[in-house]
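Here's a quick tour of a protein model, starting with one of its sheets and ending at a single side chain. Have a look at the structure first.

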Amino acid sequence: VIDFETTGISPSWDRVIELSVVRVEPVTGARTLVFDSPINPEQSVGATHVHGITDAMVRKAPRFAQVWPDIRAALAGCVVAAYNASFDMNFLRVETEAAGEPVAPPHVCMMYLRPLIGIGERCTLAEACRAHGVAIGDAHRAAADAMATAAMVPAYLQAMRSRRIATYEDLSRAGSHKYLGSFRYHPLDHRPAPSAGAVFPREAAAAARRPRR
């Protein structure tokens, strides 16, 4: 599960200011925050009143291209999920293009998947969390939103099992949405993902990117 906080809603001129990745073990539902870092957008952070992130908080943070190898490892071998995935995947596409390695992993949209698998209507993340008894915590921060989204994955998988949806093909037959077209892509390479100890805490993100001797 991936979540971005950004300077605005358009990847054409807005930039990422925070990114978190949570890996979910599909059998047990165990969640591991494997990447969590502020990102220096090299421009104003924009709507601080929404996400609570200030220019000072990202001034010494790494740029996206600097942490892209770690993000790539965090996403390795996975189907990517996000709530309102078109937003996050558009920013991922633009940022990876700028980093010199555009990617297009298979992905699902946790918002539009709801009616497709009969789990509820399309709604906001906050509304979905309330429906599933999931606490968001620090809403509109990447780690909190990613962890909350990841907490709903087991309920989604159970709904798919109850409808005998076991493959990409099964899901594609269940309905139509643009994210279903991403299933023709392969997951990113299968290099081992970072361990739980490799989480990039916000306070240490800049130090974590210092050149190693």
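This is a predicted model: local features need pLDDT of at least 70, side-chain atom pairs count only at pLDDT 80 or more; totals for chains, interfaces and linings use all residues.

Zooming out, the pair belongs to an open sheet of 3 strands, ordered 1-2-3 with antiparallel pairing. Strand 1 (2-6) and strand 3 are the edge strands; each has a single partner, so one side of each has no neighbour in the sheet. On average, neighbouring strands here are turned by 10° against each other, ignoring direction.

## Helices on the sheet

Helix 3 (residues 64-75) packs on the sheet and touches strand 1, strand 2 and strand 3, with its direction at about 15° to that of strand 2. Helix 7 (residues 142-151) also packs on the sheet, touching strand 1, strand 2 and strand 3, and its direction makes about 30° with strand 2.

## Asn40 in its loop

Now for the side chain. Asn40 sits in the loop between strand 3 (31-38) and helix 1 (48-51). Is Asn40 buried or exposed? Its relative accessibility is 16%, so Asn40 counts as buried.

What lies around it? A polar atom of the Asn40 side chain is 2.9 Å from the backbone nitrogen of Glu42, and one is 3.1 Å from the backbone oxygen of Arg59. Leaving out residues up to four places away in sequence, Asn40 touches Val58, Arg59, Ala61, Pro62 and Arg63.

## The whole protein

Overall, the protein has 10 helices and 5 strands, and 46% of its 213 residues are buried.

Terms used
Residues are numbered from 1 along each chain as its sequence is written. Side-chain values use heavy atoms; hydrogens and water are left out. Helices (H or I, at least four residues) and strands (E, at least two) are DSSP runs, numbered from the N terminus. Buried means under 20% relative accessible area, exposed over 50%, partly exposed in between (1.4 Å probe, protein chains only). A polar contact is a pair of N or O atoms within 3.5 Å; within protein, one must be able to donate a hydrogen and the other to accept it, and residues adjacent in sequence count only if both atoms are side-chain atoms. Contact means heavy atoms within 4.5 Å. Two strands pair if DSSP finds at least two bridges between them. Axes are lines fitted to C-alpha atoms, for helices over the stretch in contact, and angles run from 0 to 180 degrees between N-to-C directions.
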